[in-house]
Amino acid sequence: MDPVRNPYAPGAGQRPPELAGRGRELDVFDVVLERIARGRPERSLMLTGLRGVGKTVLLNTLRSEAINHLWGSGKIEARPDQSLRRPIAAALHMAVRELAPRHRAPDRIDTFLGVLKAFAQRSAPAGRAGAAPKLRDRWQPGIDVPAATGRADSGDIEIDLVELLSDAAAVAADVGTGIAVFIDEMQDVGAEDVSALCAACHELSQLGAPLIVVGAGLPHLPAVLSAAKSYSERLFRYQRIDRLDRIAADRALCAPAEREDVEYEPKALDLLYEKSGGYPYFVQAYGKATWDHAPRSPITDADVRVAAPEAEAELAVGFFGSRFERATPAEREYMRAMATLSLVERDAGGRDDMDAAVPTAEIARALGRKPASLSPARDALIKKGLIYSGERGTVAFTVPHFGRYLRTQPA
C-alpha cells in the first residue's frame with residue numbers, strides 16, 4: 001500500500017477523512033441555528049466525553065456549520081488559572097469582525113468595539129483575590145476606537161460578561177444573524193468565570209438574544225457548571241460524545257479507503273474494532289498503521305495483527321506515555337491502584353472494554369492509607385485532566401484504555 005495515499009489522520013483535533021457517527025449532533029446544531037434565526041428560544045450546547053472521542057473535531061465542525069449559516073463565530077481553548085477576559089474578548093472581536101461588513105451602521109460596530117476594549121482591559125477591583133492580572137493577561141486588542149466608559153468595565157466579571165455578550169448579541173440581531181462562541185476544554189475555566197458565563201447565558205436565554213455558547217469538556221463538565229449555578233442543569237443542552245458503534249467505526253475506516261480503491265475483509269474490520277474499542281482516535285491510529293503495513297487490497301486480519309504493535313507503541317508514547325509522565329510518583333501510585341481496581345469493578349459490573357469508575361475509599365484501602373492523605377494526589381490528577389469525579393466518592397480515567405496501559409507498565 002502506498003503510504004503517501006494513507007487517508008487516516010490520528011491527530012489532536014485533526015478532522016478525520018470521514019466524520020462518522022456524529023450525524024445526530026450535527027442535526028441538533030442545525031436545528032438550534034435555525035430556531036434562533038427565527039427568534040425561537042434555544043439553549044447553549046455542552047459536549048462532554050473522554051479524551052480521544054473527537055470533541056474538538058466536532059466543535060470545529062459545528063463552528064464551520066455556524067459560519068455556513070453566516071453567523072459570527074470565535075473559538076477559545078480554556079486553560080487552568082487563566083482569566084476568561086482576554087480569550088473571550090478575542091473570540092468576540094473575531095465574531096463581530098465577521099459581521100461588520102454586513103452591518104449598515106459602522107458607528108454601532110465602533111460602539112461595541114469600545115465596550116469590548118473596556119472589557120478586555122479591565123482587571124478585577126482592588127482588594128479582590130487575583131486582582132493583579134498576569135503579564136499574559138494584559139492584552140492590548142487591536143481596536144482603534146477608545147475604550148467605552150460605564151459598560152462592561154466594572155471589574156466584576158459576572159456583570160461585565162452579561163453586558164458584553166448582550167451587546168454582541170444586539171450587533172448580530174442588527175444583521176439578522178447570530179454569534180456562537182466555542183470553548184474547548186471548558187472544564188478548565190475558573191470557578192468565578194464559569195459562574196459569570198452561566199449568568200450571561202441565563203440572561204441571554206431570557207432575552208431570546210441570538211448568541212450561544214458551545215462548550216466541550218471532560219465528563220465532569222456538567223458537575224463543574226452545576227457547582228457554579230444550580231440552574232445550569234436546565235440552562236444548557238448536554239450531549240455526551242461517546243465511542244463509535246460498530247457501523248460508524250467501519251464507515252470511518254471503509255469510506256476513505258474506498259475513495260482510494262482499497263477494501264477491508266470482514267475479519268479485518270472485526271479485529272480493528274476489537275483493538276480500537278470504537279474510540280475515534282484509536283480507529284484512526286490503528287487504521288493508519290494497518291494501511292502502512294498491508295501489502296495490497298483487500299486488507300486482511302493478518303495485516304491488522306502485524307500492524308497493531310506499531311499502533312500500540314505509538315499510542316503508548318504519544319497518547320498514554322506523555323500523560324503518565326506529567327504525574328508525580330505519588331500520583332502514579334494512585335493511578336496504578338485505580339487501574340487495578342477499575343478492572344475488578346469493570347468485571348463485577350459486566351462492563352465491556354472500559355475502565356470502570358472506582359470508589360476513592362477502595363483506593364485508600366488498597367494503598368493502606370487514609371482517604372484524606374490521598375486527597376492532594378487525587379486533586380492534582382483532576383486538575384491535570386488525567387482523572388475525573390463523575391459521582392461523589394468515585395474517580396475514573398479521562399483517557400480510554402488508560403487503565404489497560406498502566407497495567408502493562410512496571411511498577
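Which helix does Q206 lie in? Q206 lies in helix α6, where helices are DSSP runs of H or I with at least four residues, strands are E runs of at least two, and both are numbered from the N terminus. Q206 is exposed, with a relative accessible area of 57% (exposed means over 50%, buried under 20%, partly exposed in between, using a 1.4 Å probe and protein chains only). Q206 and E42 sit 164 residues apart in sequence, and their C-alpha atoms are 9.8 Å apart in space.

A quick note on the model: it is predicted, so local features need pLDDT of at least 70 and side-chain atom pairs pLDDT 80 or more, while totals for chains, interfaces and linings use all residues. Residues count from 1 along each chain as its sequence is written, and side-chain values use heavy atoms, leaving out hydrogens and water.

Now for the sheet. Five strands make an open, parallel sheet, ordered β2-β3-β4-β1-β5; strands pair if DSSP finds at least two bridges between them. β2 (72–77) and β5 (236–240) are at the edges with a single partner strand each, so one side of each has no neighbour in the sheet. On average, neighbouring strands are turned by 15 degrees against each other, direction ignored. β2 pairs with β3 (residues 179–184) over six bridges, in the parallel sense, and K75 stands opposite F182 in β3.

Two helices pack on this sheet, with contact meaning heavy atoms within 4.5 Å. Angles run from 0 to 180 degrees between N-to-C directions, with axes fitted to C-alpha atoms, for helices over the stretch in contact.

| α3 (residues 85–99) | β2, β3, β4 (211–217) | about 160 degrees with β2 |
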